[in-house]
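Okay, everyone, thanks for coming.

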Amino acid sequence: MAEAHSAVAFSFAITHEGFDINYDQEVLNLVWNSGVRSWKKRLARARNGIRNGVYPAHIQSLWLITAIAIGLHFSGFSVPFDLVHRVLVHLPSNTVNWQMTACFIAALFVWLSICFTMRYTLKLLLMYKGWMYESRAPGSKVSLKTKIWAAFVKILSSWNTPGLYSFQGSLPRLPVPSLHDTMQRYLRSVRPLLDDENYTRMERLASDFENTIGKKLQWYLTLKSWWATNYVSDWWEEYVYLRGRSPLIINSNFYGTDAIFMNLTNNQAARAANVIYLLLGFRRLIERQELQPIMVQGMIPLCSWQYERTFNTVRVPGLETDRIVHYRDSNHIVVLHKGCYYKVVIYFKGRILRPCEIQIQIEEILNSKASPLTGEMHLAALTTMNRSKWAEIRNAHFARGVNRVSLNLIESSAFVLSLDDEPYEFDLERPECLDKFGKTLLHGNGYNRWFDKSFTVCVGKNGRLGFNAEHTWADAPVMGHLWEHLCGEDIYGYDESGNTKGIPEFQPPLPIRLNWDLTVLQPQIEEATLDATKLINDVDLRILVHNEYGKGFMKKCRLSPDAYIQMALQLAYYRDAGRFSLTYEASMTRLFREGRTETVRPCTIESSAWVKSMEDKNSTNEERIKLLRKACDRHQLGYQDAMCGRGIDRHLFCLYVVSKYLEVDSPFLNEVLSEPWRLSTSQTPHGQTPKMDLKKHPNCISAGGGFGPVADDGYGVSYIIAGENLIFFHISAKLNCKQTDVHRFGNNICKALADIRIAFEEHFKNKTTQLETNSINGAASTQKNNAK
């Protein structure tokens, strides 16, 4: 309890001579500085709140309008609507000071009217989604309507420099799709998966649902969409994530990798220190709202709501449902090394510690000879347990005393950093190294990641790094944005010897070992460790590096790179499983306020027809190309519908939630929501921030990240189109399933991509030959005519 005694700022005792007061000046200074920092943040939040509330107008424009009002009034001219005199009637007198006050009030009224007119005009403009459906291919014409719309949006969105949350009030609400349209889209999406008899049965179920209980459920959902900011997001977070009782490890958490073609430093302490500093800088940008919101095509904003919980956030287990706890401030991180936990203060003497000062702290931990306390080594395995079991243990053994204090330090930290005792390796000649890298980040050894935290930064012994992120608080693009920012800035952080740059100004505070009393918890920790090991031993992961070609060739084919890859995955899965399967592709709805994700269903009537043509030896190459273009166009339309709030699955999910609240049973919804996603896919976004300059640093390319399989007999596939000639695929599956094999599926992906390329090259060759033939025939015809 030495830490508890040293944490007491002052004490007093009553003696026969009066009061005897003792206090610790240093601790009181820390308290004072903490209070000052807290008030600065409150003032900054208040200022940002006002700025965001009037965006896109400038706050400074209020003083201009006030000056105009004063000038007009005292020059004898009437302010519009005679506002000054209308206000002056209600003021105590008609003196110059009160006239000035009336002018200010009138100006404020005019200014607010202009602000809200601009704001709601922008909101109305952002409701238009027709631009999404217009082709952006070279040579395509943009409609006059979209050109006029784009001009107005460009003017309003660039009128003022936006803060991170400036557009939140202008983003439209997510609309509820028509029930009939959703039914038709759903039936079309399952047609290639069902034979005639089952499809007829599904048509009947859908029709009965639409004409009976569906109307009532739709009415309640529409009512919620009028009342709530987003009719999906709160239920999605609650029922898909927080009420899930399965372990977070592999089932929910995802990972991301380093810029693997660059080796900035082999010094583990230096890399960790610089990364900590850069992450805290990113946190500062979020807190001050100085981070620029992501803009589609440079003018259409995406919702930034998810960024708020990036740091100082934890998922706390509950008996029936978990909860997300976000701390408004945190001046420390927690570092895990060789089973020991350390509190590392990162804010000292009125500022954030610099990388060279943080490196001293990390070196202190790496050089420490401390050994874990009883049960401490495998403590983090508790976060891999069934959520209800972990909640019971937490309530019973972490509700008081030293365990409560230490657990609170972990959960309230800005983030957790794990210093691993093994290197993270990458070698194109040894693909198993990258596979091991991915597995290390996905699950580690089961007890060297705190899976409840918003994210854990993992640093290998050789200086390479990655992260493991909890999924509830945000979706992968948010972590992708953070990671791109980090990789882009990290390049400049080291000197020639591999250490961080700069000279420490003072000796930073030493890391503090967290104390635990875990003796009675040994059986539960051992059980959690065994269960985590079973999960880890049952998952297989392959990271496939496809460098034969990339988006450069796909664009040459005039196809969307995402649609191109999704079609290759359809062909690969068909060859792997011998059938089509319900396929999940994650899309986003962040064009709407508090939007998260929507599902695109890549397995369509068109994609299945193309896959069958690829397997049909009697099919011609031109027929295959034609069918592929149709399949890609249909997929692109499905993606556009999903982004514009016209998706299938979130609507059906919310209808199902309403049915459960009303305690009504729907055979249609029960069947739809129980369908397994045997192929779950996601594209890792790339190039979200200008920080990553690939022209200047072409090797600053992350291999992306991945996740575990969604179905026990299926695949989880994440991919990142990293360059003109480079794609990474992260493929996961369960080892105990005899129908799946990540290496076989990876080979099928390579073969599918190669077959598509061969088909297009033959198509281009035939096209060139045809053009040459037409040219020769045209020349011959000209000569013949001239001869006549």
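So, which residues in H19 meet which residues in H20? On the H19 side we have Met 567, Gln 570, Leu 571, Tyr 574 and Arg 575, and they meet Ser 607, Trp 610, Val 611, Met 614 and Glu 615 of H20. Contact here means heavy atoms within 4.5 Å.

Quick caveats before I go on: this is a predicted model, so local features need pLDDT of at least 70 and side-chain atom pairs count only at pLDDT 80 or more, while totals for chains, interfaces and linings use all residues. Residues are numbered from 1 along each chain as its sequence is written, and side-chain values use heavy atoms, with hydrogens and water left out.

Back to that pair. Helix H19 is residues 561-577 and helix H20 is residues 605-615; helices are DSSP runs of H or I with at least four residues, strands are E runs of at least two, and both are numbered from the N terminus. Their axes sit 10 Å apart at an angle of about 60°, where axes are lines fitted to C-alpha atoms, for helices over the stretch in contact, and angles run from 0 to 180 degrees between N-to-C directions. That makes H19 oblique to H20 (under 35 degrees is roughly parallel, over 145 roughly antiparallel, 65 to 115 roughly perpendicular, the rest oblique). The contact splits into six nonpolar, two polar and two charged residues; nonpolar is Ala, Val, Leu, Ile, Met, Phe, Trp, Tyr, Cys and Pro, charged is Asp, Glu, Lys and Arg, and polar is the others, Gly among them.

Now another helix pair. The axes of H3 (residues 61-74) and H5 (residues 96-126) come within 8 Å and cross at roughly 130°, so these two are oblique as well. Among the contact residues are Trp 63 and Phe 74 of H3, plus Cys 103 and Trp 111 of H5. That contact has 15 nonpolar residues, four polar and no charged.

Last stop, the sheet. Six strands form an open sheet, ordered E16-E22-E21-E19-E17-E18, with mixed pairing; two strands pair if DSSP finds at least two bridges between them. The edges are E16 (539-546) and E18 (597-600), each pairing on one side only. Inside, E19 (residues 679-683) and E21 (residues 715-723) run parallel, joined by five bridges, and Thr 681 stands opposite Val 717 in E21. Helix H15 (residues 431-442) packs on the sheet, touching E16 and E22 (726-734), and its direction makes about 130° with that of E16.
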